[in-house]
Amino acid sequence: LAAGFGMTQDSTWYPPQWRRMQEMREGYDAIAKSLVTIGIDFNWLHGDWIRDAKIEDGWLVAANGRYRTLVMPQVELLPLDVAEKIAEFQKAGGKVLWVGSLPQLGDAEGEHDKVQTMFAGQQVLRPGDVAAAIGRVVQTGFELRTDQAPMIARFVRDGRRINYLVNYRDKPMEVPLESATNAPLALQVYNPADGSITSHQTPATVTIAPQSSLLVVDAVTKP
């Protein structure tokens, strides 16, 4: 990487490589923030893990995880064996989101054309479009589905599925609650601000106060 910079009395010059690295970092940050905001959990996968992954019923099984979507941000160089596994994943029904660019280079000169041809013409997204392209996701083992407005964390305690909804904005948030299976789902909503507990059945709507949160519990055990 050739790098250098010069300064004058009133300006600073950075080499194009630095600007490109800054754009990539900003893109990564925008993607991560958008996914966390709508409650989508994610991991970073090394190329070797993808290369060695198995494809099972449309899932990429890699590094002790199972994935239905791969987000590929600013990937311009992609080894051919990794590209082939990604193409296999796509063919099996997996979703691959290219962000900012399509791969143009392989690991060796003889791979470049093959890698380019493999993904030529596929859609390229902006970082801010990734969350919408993934859509509403319900974590495995959970049934409650909502929109992309609140931040969401999900966990299980004593056999109860708990959905922690956070309104990070400065105005009230109306949040629709739906069942991912379309079957009615009994819920209890705990408001940590005032200690109140209310019962609901999907489809329903709850209001979260500004800078506040609700705990929405399903699979409620009757006494």
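Two strands pair if DSSP finds at least two bridges between them. Strands here (E, at least two residues) and helices (H or I, at least four) are DSSP runs, numbered from the N terminus. Good morning, colleagues. The structure before you is a predicted model, in which local features need pLDDT of at least 70 and side-chain atom pairs count only at pLDDT 80 or more, whereas totals for chains, interfaces and linings use all residues. Residues are numbered from 1 along each chain as its sequence is written, and side-chain values use heavy atoms, with hydrogens and water left out.

Let me begin with the chain as a whole. The protein chain contains 5 helices and 16 strands. Of its 223 residues, 33% are buried, that is, under 20% relative accessible area with a 1.4 Å probe and protein chains only; exposed means over 50%, and partly exposed lies in between. A contact means heavy atoms within 4.5 Å. Among the contacts in the protein chain with a separation of 6 or more, 61% are between residues 24 or more positions apart.

I turn now to the open sheet. Five strands form it in the order E10-E11-E16-E13-E14, with antiparallel pairing. Strand E10 (151–157) and strand E14 (197–201) are the edge strands, each pairing on one side only. On average, neighbouring strands of this sheet are turned by 25 degrees against each other, direction ignored. In general, strands of a sheet pair through backbone hydrogen bonds, either parallel or antiparallel.

Which strands are joined to E16 by bridges? Strand E11 (residues 160–167) is joined to E16 by 7 bridges, and strand E13 (residues 186–190) by 4; both pairs run antiparallel. Asn163 has Val216 of E16 as its bridge partner, while Gln188 stands opposite Val217 in E16. E13 is also joined to E14, by 5 bridges and again antiparallel. There, Val189 has Thr198 of E14 as its bridge partner.

How many of the residues of E16 are buried? The count is 6 of 7, so the strand is mostly covered. Ser212 lies in this strand, which spans residues 212–218. Is Ser212 buried or exposed? Ser212 counts as buried because its relative accessibility is 17%. Leaving aside residues up to four places away in sequence, Ser212 touches Leu165, Val166, Asn167 and Ala193.

Next, another pair of strands. Strand E12 (residues 173–179) and strand E15 run antiparallel and are joined by 5 bridges. Leu177 stands opposite Ala204 in E15.

Finally, the helices. Two packed helices are described by the angle between their axes and the distance between the axes. The axes of helix H3 (residues 80–91) and helix H4 (residues 112–119) come within 10 Å and cross at roughly 15 degrees. Axes are lines fitted to C-alpha atoms, for helices over the stretch in contact, and angles run from 0 to 180 degrees between N-to-C directions. H3 and H4 are therefore roughly parallel to each other, the term for angles under 35 degrees. The contact between them is made by Leu80, Ala83, Glu84, Ile86, Ala87 and Gln90 of H3 and by Lys114, Val115, Met118 and Phe119 of H4.

Technical notes: Parallel < 35°, antiparallel > 145°, perpendicular 65-115°, else oblique.
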